[in-house]
Amino acid sequence: MANSTLKSAALLDQMKLHLSSDAGKGLVKKIGLVYQLNIAPKKIGFEEEIYVVDLKKGEVTKGPYKGKPDATFSFKDEDFIKIASGKMNPQMAFMRGAMKIKGSISAAQKFTPDIFPKPSKL
């Protein structure tokens, strides 16, 4: 994931480590869903990098999910960082069009800042 220009890539690298910790394993038990993240540098839908946060297996991978993710989110790099760090409410982001969601809304509602490791230095 190091070959990415997105700030989000660093956060997703931290997420990878987080999922191998006890706290991360707890999330997998609690959530058990697969999220696909389409993260765009500047504008949703353009030059997106795709990541999968698999909270069934407890892993983060780059590239589209093989199969059907429970929910797919699209956002700009900076908005994803704001949502993941708790600076932007996911519902507000969705209502303002800063985040687009496909798939299960109930699955999407479990996608909260709590699933991300607290950013150390981003």
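Y35 stands opposite V53 in strand β2, and this pair belongs to the antiparallel arrangement in which six bridges join strand β1 (residues 34-40) to β2; two strands count as paired if DSSP finds at least two bridges between them. This is a predicted model, in which local features need pLDDT of at least 70 and side-chain atom pairs count only at pLDDT 80 or more, while totals for chains, interfaces and linings use all residues. Residues are numbered from 1 along each chain as its sequence is written, and side-chain values use heavy atoms, leaving out hydrogens and water.

β2 also pairs with strand β3 (residues 59-62), again in the antiparallel sense, over four bridges, and here V52 has T61 in β3 as its bridge partner. β2 and β3 form a hairpin with four residues between them, and G58 in the turn has a positive phi of about 80°. Strand β2 itself, which spans residues 49-54, is mostly covered, with five of its six residues buried (buried means under 20% relative accessible area, exposed over 50%, and partly exposed in between, with a 1.4 Å probe and protein chains only).

L19 lies in helix α1 (residues 7-19); helices (H or I, at least four residues) and strands (E, at least two) are DSSP runs, numbered from the N terminus. Because its relative accessible area is 3%, L19 counts as buried.

F94, by contrast, sits in helix α4 (residues 90-96) and counts as partly exposed, because its relative accessibility is 41%.
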